[in-house]
Amino acid sequence: SAEEDVDPEETMKPRPPVVVVMGHVDHGKTSLLDALRKTNVTRGEAGGITQHIGAYQVTTKDKSKITFLDTPGHAAFSEMRARGANVTDIVVLVVAADDGIMPQTIEAINHAKAANVPMIVAINKIDKPEANPQNIRNRLLEHEVIVEEMSGDVQDVEVSAKEGTGLEELIEKINLQAELMELKARPDRDAEATVVEAQLDKGRGPVATVLINRGTLKRGDTFVVGTQSGKVRALIDDQGKQVKEAGPSVPVEVLGLSGVPSAGDMLTVVENEQRAREVAQYRQEKATEKRTALAPT
Ligand code: GDP
């Protein structure tokens, strides 16, 4: 299995962190993701056309990169985890400074703890007159989330997604956390990637956005993904541009699939199309057997 097939240490290279934003409804997850996307220095130069592909990368001032899953909410995170896909390295927990610790805040804390993923707390909406960030820190304590200034090890940062304040600091803290984790992957091998989202596109057929776990996915590669197979016809990055290849932690849209896979499915490059079809067919049969076995009689 993939777990047993470990790449030798000397083949591994640093890779960008993959970050997911979680928190209670209306605390500002979508606003924060939008605001962070705009901090991208390279994109600013390119003219700012962004495409929603389920994940995007930000290039920071010091030229490092951060990959954000562009799907706020917990469903995608739990679904992927349930399928054994651990794509996220860091959770940014958004808490509105004028509100408090709400049910979905607690749910997010529990998700991060269960997945053993470090958290950074973004105390949002500090532009509001009624904002009380200290209250948030105190309330977090009750849920065993202890921020640095309370002698804990969880980084926190005050932000306003609306006014764009604190975003550079948040990015710095993400980079700091990522450095501590020494995230690495081998780039020069056949790719393994995880499906973040997938759908049937009217003009383009089945399309999947994947995050590369390791290796480099290239145009022309043949692959298996869940119970589907395919050959990479095109790779499209988060700015809507065609690219020839994508390496570790890079999100790309993949065109050339036989059908629509599920979020959390693993994409694996195999030697040829025949092999890809065989594996996909075998998996389809297995899936059918399972359904038949489970069916009530
Ligand atoms: P989500 O449900 O967590 O994705 O929250 P949204 O991003 O949709 O934000 C919910 C509401 O809060 C919207 O009306 C936003 O305009 C507002 N909002 C988000 N961030 C801020 C902020 O930093 N300051 C203020 N004043 N309002 C914000």
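**Exercise 1.** Determine which helix gives the largest share of the shell around the ligand in this predicted model.

*Solution.* Helices are DSSP runs of H or I with at least four residues, numbered from the N terminus. Helix H1 (residues 29-38) supplies the largest share, three residues. The shell divides into two nonpolar, seven polar (Gly among them) and six charged (Asp, Glu, Lys and Arg) residues. Of the 15 residues around the ligand (a heavy atom within 4 Å), those that come nearest are Asp 26, Lys 29, Thr 30, Ser 31 and Asp 127.

Residues are numbered from 1 along each chain as its sequence is written. Local features need pLDDT of at least 70, side-chain atom pairs count only at pLDDT 80 or more, totals for chains, interfaces and linings use all residues, and side-chain values use heavy atoms, without hydrogens and water.

**Exercise 2.** Identify polar contacts of the ligand, that is, pairs of N or O atoms within 3.5 Å.

*Solution.* First, a side-chain N or O atom of Ser 31 lies 2.6 Å from a ligand oxygen. Next, a polar side-chain atom of Lys 125 is 3.0 Å from an oxygen atom of the ligand. Finally, a polar backbone atom of Ala 161 is 3.0 Å from a ligand oxygen. The protein buries 72% of the 580 Å² that the ligand exposes when taken alone (Shrake-Rupley method, 1.4 Å probe).

Conventions. Polar contact = N/O pair within 3.5 Å; in protein donor to acceptor, adjacent residues only side chain to side chain. Helix = DSSP H or I, 4+ residues; strand = E, 2+ residues; numbered from the N terminus.
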